[in-house]
Structure formats: structure tokens, C-alpha cells
Amino acid sequence: MDQADLLLIVRREFCEEGPLLHPETKQKRFPHLHIFADYVDHFPAEEWYDRIVGPMLLQPKKLFLPMSVSLPRDESKLVVAYIDRQGSERFMPSAFHEWLLVQLLGNPDVHLLHLHMEDYTAEQQIYIASQADVMTGVHGNGLTHLLWMNPYAPTYIMEMFWETRFMLLFASLCRLKPQCRHRVIYGGVPFNTTTLNEELEWDIQSWFHPNYYTPEKFADWDEEGAKAYVNGIFQEALEAKRNRLHQK
């Protein structure tokens, strides 16, 4: 087994932080997080991507692209993959979901991939994720597809939490890709976790304000502030993509 095949399995509670965390778990959490930090900081994400996604990119797109999914002809457009979970038990408010779709569909610089990942084969899911510049959706397994996003280009994850406490799972996975930027809407309260890609000391309390742990924040969330934050993320991602294309 070579380095690219190494796997690290961490119990879920060691990736979480919040007021309900058991004291014994808190004592055990930090050594595990240090191990995970060292693991992801040395994981060869590019080699993994080249071995799995690389051969797929050499094949005709029609082999891996479902009929219901299209890609833009203009490579300067920002490809946003929205993983829709509105039909599940974990979803965002309908009004915000509808607003998000209107913003994405109405932006001429954005190409929207409105996805229900369960409708696609494993190969299709990997291929679609590899084409995305931005991946967004409610916290859940669908965001695991960030693993297949291009590690050679700036990518963004916009994760949304609604009436659930914040968890580090996908913010941690972003560390696998140095150019991945993780952004969060927590009950409508925006903040970013880019420092996860730069911080080697896992002092979680210094990363997140305690208010971000309290579900009560959902009751008085700043809707307009959250919307402005979302639009700012798309603009930041678009500029990053165009800068990269300009440097080619």
C-alpha cells in the first residue's frame, strides 16, 4: 500500500464541537484532531485526483455526464453545483432555497448544476463534482463530493446549517486541498473557515464564536446579511477562476 492509498478513520464525535459534547470526548478530541491535521496536510490530494478523476477526463463527456446535466461552453463561467436536499429531513427554509435558485439562474456569469445526487451513478457523481468551481448545499453527505473537485484550481464549499449545531467534518475535508475555501451559513449567520487551511494548532475555540453553536440563532438570523454574504462568495470565486484562466 503506497501513501496515496492510506486511509484514516476517525470516530464522528471527534470531529464535532458544541455544548452537548461529553467532557470525556472533549479530552480525547484534541489528540485525534492533531493526528487528522497532520494526515490531511500531508495527503497527496493531487495524486488521488489524477488516479481517479484523470482517466475519466480523457474520455468523452457523454460517458459520464447525465442527460439532465450540461456544462458551459464558456470556460470563464463559474460552475456552481447546488446539492438539493429539500426533499430530505435536513433542508433549508423554502424561501432561502428559492432565493438561491433565482440568484444562480439569473446570474449571467454562473452556470448552475442543480443536483439531486441520488439520481446519478457513482461515476457520474464523481465526474460532475470534478467540474464544479463552487459546491453548495445543506450540511450532509452530499458535500462529500468535494473530494472530487479539482485540487489544482481554486474551489469553494458553501455549507449551510439550519437548526443544527456546527460540525467540522467538511471544513476539515477542505484541508485536503490547499486551494479549497470553506464558507458557512449557520442559521443565516455567515462566517468563513479559511483559517482551517492555515491553522496548524487545532484550537477550536479560537476559530468560532460561541454564538455559532446555539440553535437559537436560527430564530433571529440576518436574512439580508446572509444573502449579501452568499453573493460575495460567488463573486470571490468568479474572480479567482478568471485570475487563474488569465494566468494560463
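Q: What makes up 69% of the contacts in the chain with a separation of 6 or more?
A: Residues 24 or more positions apart account for that share. Contact here means heavy atoms within 4.5 Å.

Q: How do you know which model and numbering these values rest on?
A: This is a predicted model, where local features need pLDDT of at least 70, side-chain atom pairs count only at pLDDT 80 or more, and totals for chains, interfaces and linings use all residues. Residues are numbered from 1 along each chain as its sequence is written, and side-chain values use heavy atoms, leaving out hydrogens and water.

Q: Why is Thr 155 called buried?
A: Buried means under 20% relative accessible area, exposed over 50%, and partly exposed in between (1.4 Å probe, protein chains only). Thr 155 has 2% relative accessibility, so Thr 155 counts as buried. Across the chain, buried residues make up 50% of the 248 residues.

Q: Why is Arg 181 called partly exposed?
A: Its relative accessible area is 22%, which lies between the 20% and 50% limits, so Arg 181 is partly exposed.

Q: What places Thr 155 and Arg 181 in strands?
A: Helices (H or I, at least four residues) and strands (E, at least two) are DSSP runs, numbered from the N terminus. Thr 155 belongs to strand 4, residues 155–161, while Arg 181 belongs to strand 5, residues 180–186. The chain has 8 helices and 6 strands.

Q: Which residues does Thr 155 touch, not counting those up to four places away in sequence?
A: Among them are Ala 132, Met 149, Cys 180 and Arg 181.
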